[in-house]
Amino acid sequence: MPVDPHLRSLDIEIPTQPDVLVKLSLLMADEDIDLQAVCSLVETDMAMAAAVLKAVNSSMYGLRGRVQTVHQAMTYLGMREVAAITFEMGLRAAFPPAAELGPVWDRASKRGLLMGRMGQMLSVDPWAAHSAGLFEECGKAVLYRHAPGHYPAMLRAASSDMELVQLEHTAFGVSHDALGAALCESWGVAPAAVASVRYHVQLQYDPHMPEAMQRRGVGAISLVAWTLMNNPSKLDETVMLIAPQAQLDETLMLRAARRVEEQLEQAESRGR
């Protein structure tokens, strides 16, 4: 999905993809993924490997024993989730540390996990779904780095992402959803994830997929994950509305959403 050409004329820098993630993307694109090659790649970057192990041992995953190697992490969680955690750590490292972005990255971790597992249960490209969850709000980090003196106040002032998008357009001529999609494209993220990132705010405001949105399964999962995280009492209603638009079975989607929610609650309970 092409990103609006006017983004190229704006003085907003989009960070380049770290080399380790370029190589990881190539490995994950292979039909027969080489487990040992993925392990070795992550372990060659000591800082990245340490960050991955720290994340794996957090309460988010609630593992019963402490994981000490990347290979162990893959044994417990599977290659896709460990590769996605590596992507998350690389994405965070591409931006300067900032307290205001802490909630953005925390939500990215949870949303990516929810979306990847739902994608797996629904046979909707789980790698693309997990990636979309990680990258959904990354445009906020791009704008924070671009205007660190001004953007934090906008984050605090906006009561919703839709309101934030309007403030961003007024201040910068572009919003974080479009920038996030541009970052996804430049990093070679799957087109289904790019589309989900581009339209996620619009779908939160009006859960009717635009005609221009193709590869709709990941976008539907995104909205369900957002509902789980922000307004779980609306889960049934959201699933019944969005699933048919993506040609997904409403009952299976609702079951998958409830199952992943239960998994995260159990993990957090074990991690306490």
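Planes under 30 degrees apart count as stacked, over 60 as edge-to-face and the rest as tilted. The rings of Phe-87 and Trp-127 have centres 5.5 Å apart and planes at 85°, so this pair is edge-to-face. Phe-87 sits in helix α5 and Trp-127 in helix α7, 40 residues apart. Helices here are DSSP runs (H or I, at least four residues), numbered from the N terminus. Both Phe-87 and Trp-127 are buried. Buried means under 20% relative accessible area (1.4 Å probe, protein chains only).

This is a predicted model: local features need pLDDT of at least 70, side-chain atom pairs count only at pLDDT 80 or more, and totals for chains, interfaces and linings use all residues. Residues are numbered from 1 along each chain as its sequence is written, and side-chain values use heavy atoms, leaving out hydrogens and water.

Now look at the core. The largest nonpolar core has 95 residues. Such a core is a set of buried Ala, Val, Leu, Ile, Met, Phe, Trp, Tyr and Cys residues joined through side-chain atoms within 4.5 Å. Phe-135 and Met-253 have the most contacts inside it. Helix α5 (residues 79-93) gives the most to this core, with eight residues.

Next, find helix α12, residues 191-205. Of its 15 residues, 11 are buried, so α12 is largely enclosed by the rest of the structure. Among the buried ones are Val-197, Tyr-199 and His-200.

Note on methods
Buried means under 20% relative accessible area, exposed over 50%, partly exposed in between (1.4 Å probe, protein chains only). Helices (H or I, at least four residues) and strands (E, at least two) are DSSP runs, numbered from the N terminus. The expected span of a helix is 1.5 Å times one less than its number of residues. Rings of Phe, Tyr and Trp (its six-membered ring) pair if their centres lie within 6.5 Å; planes under 30 degrees apart count as stacked, over 60 as edge-to-face and the rest as tilted.
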